[in-house]
Amino acid sequence: MAALCNERNHTLGKLEFALDVPFPSAREATIALQSLSPDREPRKGGISKRLQVSGSTLSVCWTADEARILRVSVGSFLDHLSLVMETMEAFGPPVPL
């Protein structure tokens, strides 16, 4: 996760939150990434979110100016992630390409 989050943000006084979500396969992690990537932050400034897949793990890193903005963004992301995971579980494992 260290590569995704920026150590420089600590010296700038920004808040960071990092999350690693393991999936059963790299394909499922990629499906989750593609499902969650289109959701941009509604605010133009004050927060940023970076997503990437490494193997079967989806990694997310938020950087924010204020705790309140960070909390709302993480909460919203977790709601969307839960929906993506429930949908993948309901439809079963992905068909190999």
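Two strands are said to pair if DSSP finds at least two bridges between them, and with that idea in hand the sheet of this predicted model can be followed residue by residue. In strand β3, for example, T57 is the bridge partner of P22.

The protein has an average pLDDT of 87, and 84% of the residues score at least 70. Confidence is lowest in helix α1, which covers residues 8–11 and has a mean of 57, whereas it is highest in β1, at 97.

Three strands form an open sheet, in which the order is β1-β3-β2 and the pairing is antiparallel. Because β1 and β2 stand at the edges and have a single partner strand each, one side of each is left without a neighbour in the sheet. Averaged over the sheet, and with direction ignored, neighbouring strands are turned by 15° against each other.

Consider next how β3 is held on its two sides. Strand β1, made of residues 15–22, pairs with β3 in the antiparallel sense over eight bridges, and within this pairing W62 of β3 is the bridge partner of F17. Strand β2, made of residues 47–54, also pairs with β3 in the antiparallel sense, again over eight bridges. Here Q52 stands opposite S59 in β3, and V53 has L58 of β3 as its bridge partner. The chain passes from β2 to β3 through a hairpin with two residues between the strands, and in this turn G55 has a positive phi of about 65°.

How much of β3 is buried? Strand β3, which spans residues 57–64, is mostly covered, since seven of its eight residues are buried. For contrast, one can look at S54, which is found in strand β2 and which counts as partly exposed because its relative accessibility is 48%. The C-alpha atom of S54 is separated by 9.9 Å from that of D20, although the two residues are 34 residues apart along the chain.

Helix α2 lies across β2 and β3, and it runs at about 155° to β2. Helix α3 packs on the sheet and touches β1, β2 and β3, while its direction makes about 10° with that of β1.

The structure holds two aromatic pairs. One of them joins F17 and W62 in a tilted arrangement, with 5.7 Å from centre to centre and 45° between the planes. Since F17 lies in strand β1 and W62 in strand β3, this pair ties together parts that are 45 residues apart in sequence. Because W62 lies in strand β3 and F77 in helix α3, which covers residues 67–91, the pair ties together parts that are 15 residues apart in sequence. In this case both W62 and F77 are buried. Taken together, the ring pairs link F17, W62 and F77 into a cluster.

Which residues have the most contacts inside the largest nonpolar core? They are F23, L58, W62 and F77, in a core that has 19 residues. The elements that give two or more residues to this core are β1, α2, β3 and α3, and the largest share, seven residues, comes from α3.

F77 makes a fitting last stop. Leaving aside residues up to four places away in sequence, F77 touches L19, L36, K49, L51, L58, V60 and W62.

How values were computed:
Residues numbered from 1 in each chain as written. Predicted model: local features only at pLDDT ≥ 70, side-chain atom pairs only at ≥ 80, totals over all residues. Heavy atoms only, no water. Buried < 20%, exposed > 50% of the residue type's maximum accessible area, 1.4 Å probe, protein only. Helix = DSSP H or I, 4+ residues; strand = E, 2+ residues; numbered from the N terminus. Phe/Tyr/Trp six-rings, centres within 6.5 Å; stacked < 30°, edge-to-face > 60°. Core = buried A, V, L, I, M, F, W, Y, C linked by side-chain atoms within 4.5 Å. Contact = heavy atoms within 4.5 Å. pLDDT = per-residue confidence, 0-100. Axes fitted to C-alpha atoms, helices over the stretch in contact; angles between N-to-C directions.
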